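Me: Got a structure open here and a few things to check. Can we go through it piece by piece?
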Amino acid sequence: MTQFINDFDLVFKNFFDQQSRFQPVVGNKMNYPVDIFLQDELLHFEIAAVGLKQDDIEILTEGETLRVKYEKKDSEYNNEYIHRGITRRSFDFAWKISSDLNISKAGATMKDGLLRITIPYAVDRAPKRIAIK
């Protein structure tokens with residue numbers, strides 16, 4: 001199976017190195033405001049969600065993949081604009097999450113137009129010493 005790698009994937013892999021705790025899924029274009037950072041033993045994703053409601057956004061975990069989706073309905077915002085500066089477009093992001101994070105304990109909140117997703121470190125996945133009997 002041939003894999004296509006876009007420039008964004010290469011930047012993420014080189015900037016955060018190959019041992020990164022997450023990797024964008026190949027072919028996923030990031031043209032939407034998203035911040036990703038580590039703080040307080042958590043991996044944080046912050047996604048701009050101006051004008052969206054909680055029910056508009058779908059967050060899924062599929063194995064070690066975190067997927068965040070919003071599909072804009074064509075009937076929304078059929079105004080005749082003089083200037084259009086607020087981005088309201090569909091998005092579908094996916095990131096492969098490292099096994100040293102516990103994706104099953106991911107949490108999400110939405111406040112003031114910002115969707116926040118946090119993923120804690122997986123304590124049970126830390127290296128363990130096995131005694132020889």
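Me: Which residue does Arg67 form a salt bridge with, at 2.8 Å between the closest N and O atoms?
Reply: Asp92. Bear in mind that this is a predicted model, so the 2.8 Å is a computed N to O separation.

Me: Which residues are in one network with Arg67?
Reply: Glu62 and Asp92, joined to Arg67 by salt bridges that share partners. The side chains of Glu62 and Arg67 meet at 3.8 Å, N to O.

Me: Buried or exposed, or something in between, for Arg67?
Reply: Arg67 counts as partly exposed because its relative accessibility is 21%, and the buried class is under 20%. Asp92 is partly exposed at 39%. Glu62 is partly exposed too, with a relative accessible area of 41%.

Me: How many salt bridges does the structure hold?
Reply: Four. One of them pairs Glu58 with Lys69, with the closest N and O atoms 3.8 Å apart. That pair also links distant parts of the chain: Glu58 is in strand β4 (residues 57-62), Lys69 is in strand β5, and 11 residues separate them.

Me: And why does Glu58 count as partly exposed?
Reply: Because its relative accessibility is 37%. Lys69 is partly exposed as well, with a relative accessible area of 29%.

Me: Switching to the inside. How many residues are in the largest nonpolar core?
Reply: 23. The members with the most contacts inside that core are Phe45, Ile47, Leu66, Val68, Trp95 and Ile97.

Me: Which strands each supply at least two residues of this core?
Reply: β2 (34-39), β3 (42-48), β5, β6 (91-97) and β8 (114-120). As general background, nonpolar side chains tend to be buried together in soluble globular proteins.

Me: Take Leu66 then. Where is it?
Reply: Leu66 lies in strand β5, which covers residues 65-70. Leu66 counts as buried because its relative accessibility is 0%.

Me: What does Leu66 touch, leaving out residues up to four places away in sequence?
Reply: Phe45, Ile59, Leu60, Thr61, Phe93, Ala94, Trp95, Ile97, Ile103, Ile117 and Ile119.

Me: What is the bridge partner of Phe37 in β3?
Reply: His44.

Me: Is His44 buried or exposed?
Reply: Buried; His44 counts that way because its relative accessibility is 13%.

Me: Which backbone oxygen does the side chain of His44 reach?
Reply: The one of Gln39, at 3.1 Å. Not counting residues up to four places away in sequence, His44 touches Asp35, Ile36, Phe37, Gln39, Ile117 and Thr118.

Note on methods: Residues numbered from 1 in each chain as written. Predicted model: local features only at pLDDT ≥ 70, side-chain atom pairs only at ≥ 80, totals over all residues. Heavy atoms only, no water. Helix = DSSP H or I, 4+ residues; strand = E, 2+ residues; numbered from the N terminus. Buried < 20%, exposed > 50% of the residue type's maximum accessible area, 1.4 Å probe, protein only. Contact = heavy atoms within 4.5 Å. Core = buried A, V, L, I, M, F, W, Y, C linked by side-chain atoms within 4.5 Å. Pairing = 2+ DSSP bridges. Polar contact = N/O pair within 3.5 Å; in protein donor to acceptor, adjacent residues only side chain to side chain.
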